[in-house]
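Colleague: Please take a close look at the site around the ligand, and at the helix beside it. I would like one connected account that I can follow with the structure open.

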Amino acid sequence: MSIVHATALCKNYPAGDQTLTAIQSVDFDIPEGAFVSFVGPSGSGKSTLLNMIGCLDQPTSGELIVAQTDTGRLNREQAAQFRGETIGFIFQDFNLIPVLNVYENIEYPLLMVHNWPKPERQERVQALMKAVGIHEQANKYPSQLSGGQKQRVAIARALASKPKLVLADEPTANLDHATAYRIIELMKQMRDEFGTTFIFSTHDSKIMNAAETLFILEDGKLRQEHQTSPAGKIDSNALQQEEKSL
Ligand code: ADP
Ligand code: MG
């Protein structure tokens, strides 16, 4: 089954008295449980696409079905509710809350958005901290964490409410390569464990190799490429080289 289905999807932005076409009538289909990446240089429309899928922005025209919901039919309030129930976000600059520790950052959406009872929250947060390997830092604050550790917390937080779909806009942009590989691997492991669909964007050729399917953005158009040997098969020699050079 599809989790995202786009038909003739367009996005224009006003630019002075002209119109800038960011996305020019693209069609694509992402099956549930997929691990895919939008790829393209800066300004190619990656964020625009992810924002539309995440119902943070509306298409100019075309149809966008996310988790069997026609997003074009949602008003602002419905879109916010849909987002809270269905979608987890991992942000490029982590967006952790500085006054909350690791445990509390991961717990936050369960408390504020989903109102889970305490024992269930505790169980979920503990399980996620273990899954992403951050449980030993449970009481630390974001300022005491490395970039890779912050991103682990961000992944755990995005997964907290068991969303069907996780969107990550250039999640490794602020990380060194070795850490970036590990974060992408961790996302894939979470996909395998929880069945969550992951859609991320990157312009980093090394990171994009980890995706099963690439959607390559060029001049507002989209080209799809299936990768025959996506990572886990990340080139471990390259990784060791990276680690040596750190
Ligand atoms: P990417 O994420 O691949 O760097 P974006 O989706 O951010 O690309 O941008 C695609 C194009 O749309 C760019 O030309 C950008 O300048 C333009 N754009 C993005 N957001 C807006 C906006 N809110 N208003 C006007 N133009 C925008
Ligand atoms: Mg972007």
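Modeller: The element that gives the largest share of the shell around ligand 1 is α1, with three residues. This is a predicted model, and every value below is computed from it. Along with α1 (46–53), β2 (18–31) supplies at least two residues of that shell. The whole set consists of Tyr13, Leu20, Ala22, Pro41, Ser42, Gly43, Ser44, Gly45, Lys46, Ser47 and Thr48. By class, four of the shell residues are nonpolar, six are polar and one is charged.

A polar side-chain atom of Thr48 sits 2.5 Å from an oxygen atom of the ligand. Gly45 brings a backbone N or O atom to 3.0 Å from a ligand oxygen. At Ser44, a polar backbone atom is 3.2 Å from an oxygen atom of ligand 1. On its own, ligand 1 has 560 Å² of accessible area, and the protein covers 61% of it.

Now the helix itself. α1 is largely enclosed by the rest of the structure, because six of its eight residues are buried. Those six are Lys46, Thr48, Leu49, Leu50, Met52 and Ile53. Two of them, Lys46 and Thr48, are buried and also belong to the residues around ligand 1. Just after the helix comes Cys55, with a positive phi of about 60°.

Of the 15 residues that line it, Ile87, Phe89, Pro109, Val113 and Arg157 lie nearest its centre. The elements giving two or more residues to this lining are α2 (76–86), β6 (87–90), α3 (102–112) and α5 (147–159). Among these, β6 provides the largest share, three residues. Nine of the lining residues are nonpolar, four are polar and two are charged.

Note on methods. Residues are numbered from 1 along each chain as its sequence is written. Chains are lettered from A and ligands numbered from 1 in the order in which they are written. This is a predicted model: local features need pLDDT of at least 70, side-chain atom pairs count only at pLDDT 80 or more; totals for chains, interfaces and linings use all residues. Side-chain values use heavy atoms; hydrogens and water are left out. A residue is near a molecule or strand if one of its heavy atoms lies within 4 Å of it. A polar contact is a pair of N or O atoms within 3.5 Å; within protein, one must be able to donate a hydrogen and the other to accept it, and residues adjacent in sequence count only if both atoms are side-chain atoms. Accessible areas come from the Shrake-Rupley method with a 1.4 Å probe; for residues, only the protein chains shown count as cover. Helices (H or I, at least four residues) and strands (E, at least two) are DSSP runs, numbered from the N terminus. Ala, Val, Leu, Ile, Met, Phe, Trp, Tyr, Cys and Pro count as nonpolar, Asp, Glu, Lys and Arg as charged, and the others, Gly among them, as polar. Buried means under 20% relative accessible area, exposed over 50%, partly exposed in between (1.4 Å probe, protein chains only). On a 1 Å grid over the protein atoms alone, a cavity is a set of points where a 1.4 Å probe fits but cannot get out, and a pocket is an open set with protein on both sides within 12 Å along at least five of seven lines; lining residues have an atom within 4 Å of a point.
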